[in-house]
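Reader: I would like to know how the labels on this model were assigned. Please set each value against its definition.

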Amino acid sequence: MFDIIIIGAGPSGLATALYALRANKKVLILEASAYGGQIINASNIENYPGIKSISGFDFATNLYNQVKDLGATIKFEKVLKVTENKEVTTAKDTYQAKVIVIATGKKPRKLEIEGEDKLIGKGISYCATCDGNFYKGKEVAIVGGGNTAIEDAIYLSAICKKVYLIHRREEFRAFSKSIEELKSKENVEFILNSNIAKINGNDSLESIEIKKDNEIINLKVQGLFIAIGGETQNDIFTNVVDLDEFGYIETHNDVMTKTLGIFVAGDARKKSLYQLTTAVADGALVADLAIKYINLSTQ
Ligand SMILES: Cc1cc2nc3c(=O)[nH]c(=O)nc-3n(C[C@H](O)[C@H](O)[C@H](O)COP(=O)(O)OP(=O)(O)OC[C@H]3O[C@@H](n4cnc5c(N)ncnc54)[C@H](O)[C@@H]3O)c2cc1C
């Protein structure tokens, strides 16, 4: 029996664990892939109070080690089901806790065009910091217009020979400082007001076809990085939480779901700002409420 099972080892899940462990609670963290969540993809974080600049990887690793050193049990297993009785099932096992914290964040959105699925890992990637090194000295394209796309383009411009940034609009939805930094890179070319119409290649990516106005541009690239935002992963929890129209978990008191003892932290919940600071703040809030809930229910 664990006091708290946290689903997801991103910033919000790890911050929840940090507060709960410091209050002597027995914590299990279940993570479907690698620790760190989305922030691992940030080449540089410059808006975290108190830290002038740090890479996403270093930030996540520091937080992960901090939590590990405090004695968290961490298992790399994907959660498939939770029940109202706080039972959590993964592909390998079933675990029981007094409290469950959903901290499943978001996963990258797909372009949903032909050829995409077939070439994942064979030229198509959703994570520049994970796969960028495979394209050292090569020509690559990135599609997207938010912070992720801009961050990825900056990161790849230091590794690749040429980087094309394809965006469906003229304006970006990213920090202006990052956009300025990207514009100063000599090996980056912007292809704006454009969409990817087709992905070509059989065993590996050969080229992409870009629709700009009424023209089709055929671009030969070895890599295509898709950075068009994220989508929630909350469908497995609908027996215990309510979702809004975009799949975010509805809450009251910021982090409480409709089921007593099941909380949600970070990007998985409906809120107005999806950032690192708000994710870790959620973690602190959740842990505090969870500790009070456990203490009350065991009195
Ligand atoms: C490229 C990029 C750059 C960014 N830069 C900044 C920045 O500079 N400053 C800033 O404030 N914010 C930044 N962000 C946003 C920030 O990363 C997110 O707001 C934050 O990571 C949200 O944390 P989270 O823990 O809620 O979710 P996530 O980081 O999404 O973590 C969720 C975790 O849950 C796991 N998971 C999901 N489903 C399951 C399941 N069924 N079972 C087990 N585990 C599961 C996932 O594998 C993942 O590890 C950036 C995001 C990106 C993508």
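Reader: Which helices each supply at least two residues of the shell around the ligand?

Author: Helix H1 (11-22), helix H4 (147-157) and helix H6 (276-297) do. A helix here is a DSSP run of H or I with at least four residues, a strand a run of E with at least two, numbered from the N terminus. This is a predicted model, in which local features need pLDDT of at least 70, side-chain atom pairs count only at pLDDT 80 or more, and totals for chains, interfaces and linings use all residues. Residues are numbered from 1 along each chain as its sequence is written.

Reader: Why is the ligand said to lie between domain 1 and domain 2?

Author: Domain 1 (2-108 + 230-297) and domain 2 (117-226) both give residues to the shell, so the ligand lies between them. The domain bounds come from an automatic or database domain assignment.

Reader: What makes Ile-236 partly exposed?

Author: A residue is buried if 20 or more other C-beta atoms lie within 10 Å of its own, exposed if 12 or fewer, and partly exposed in between, with C-beta atoms placed from the backbone. Ile-236 has 16 such neighbours, so it counts as partly exposed. Ile-236 lies in the loop between strand S16 (230-232) and strand S17 (262-264).

Reader: How do you know that S12 and strand S13 (residues 207-212) pair?

Author: Two strands pair if DSSP finds at least two bridges between them. S12 and S13 have 6 bridges, in the antiparallel sense. Lys-198 has Glu-209 in S13 as its bridge partner.
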